[in-house]
Amino acid sequence: MKKNYVLGLVFVAALLLGVYLAMTPKSSNLVGPSFGAANAAVSGEADTSAVVDMVMGAEDAPITIIEYASYTCPHCRSFHQGAFQNLKTDYIDTGKVRFTYREIYFDRYGLWGSIIARCGGQDKFFAISDLLYTKQSEWTKGSPAEIADNLRRVGITAGLSQDAVQACFSDGQKAQNLVAWYEKNRAADDISSTPSFVINGIKYANMSYAEFQKILDAQ
């Protein structure tokens, strides 16, 4: 457990250093972000309780679905642009399903996308997530610095200010909490691929909307 924790901190530090290098303006007359995040990541304690689940649907819905997905995953993009739209209309909006979205970080860009998605809080999370999937083939291209700029533009397009985006990218404690939260959730539900779904406590792999309907209607 201790070994995994230490490895996790090293992983966070590397991710945050990448954000720092990508987000720091190169011009000498510009002030870069106050990014003591790399040091904070290896000296502070992660607090998974500080990470809020992003949910939609009625609190008393008889069916709960937890989706595990990565913003850099093409199959996750296909799900959100296809089956999820029908799922939302037929089951979430009608009060039958309580839907929770949980991010998986298979690469540093998935974490960066998560930071942007969460930057606007619960109110903007799903709208920004939609943008990240819609523009996935665009913002994931280029060098780390270019990808960071792409993500900044996604956030601003969604209504976030430049200052807000910079503050979110500079929050090393939050990034550390997110990675620890991801590791905890991944281990608890034995997630090894994305998208994966936990429906009323039972895990399922990616599937068509017809397969979703069959499972949900049998609950």
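The legends below describe close-up views of a predicted model.

Local features are reported at pLDDT of at least 70 and side-chain atom pairs at pLDDT 80 or more, whereas totals for chains, interfaces and linings use all residues. Residues are numbered from 1 along each chain as its sequence is written, and side-chain values use heavy atoms, with hydrogens and water left out.

**View A. The disulfide between Cys-119 and Cys-168.** The structure holds one disulfide, a term used here for a pair of cysteine sulfur atoms within 2.5 Å. The S to S distance between Cys-119 and Cys-168 is 2.1 Å, and the link is right-handed, with 90° about the S-S bond. Because Cys-119 belongs to helix H5 (residues 108–119) and Cys-168 to helix H9 (residues 162–169), the pair ties together parts that lie 49 residues apart in sequence; helices are DSSP runs of H or I with at least four residues, numbered from the N terminus.

**View B. Buried cysteines.** Both Cys-119 and Cys-168 are buried, that is, under 20% relative accessible area with a 1.4 Å probe and protein chains only. Cys-73 is also buried, with a relative accessible area of 8%, and for Cys-76, likewise buried, the value is 0%.

**View C. A cluster of aromatic rings.** Ring pairs link Tyr-71, Tyr-101, Phe-125, Phe-126 and Tyr-133 into a cluster, where rings of Phe, Tyr and Trp (its six-membered ring) pair if their centres lie within 6.5 Å. By this rule the count comes to 12 aromatic pairs.

**View D. Arg-118 over the face of Trp-181.** Arg-118 lies 4.8 Å from the ring centre of Trp-181; a charge sits over a ring if NZ of Lys or CZ of Arg is within 6 Å of the ring centre and within 35 degrees of the ring normal.

Notes
Phe/Tyr/Trp six-rings, centres within 6.5 Å; stacked < 30°, edge-to-face > 60°. Helix = DSSP H or I, 4+ residues; strand = E, 2+ residues; numbered from the N terminus. Buried < 20%, exposed > 50% of the residue type's maximum accessible area, 1.4 Å probe, protein only.
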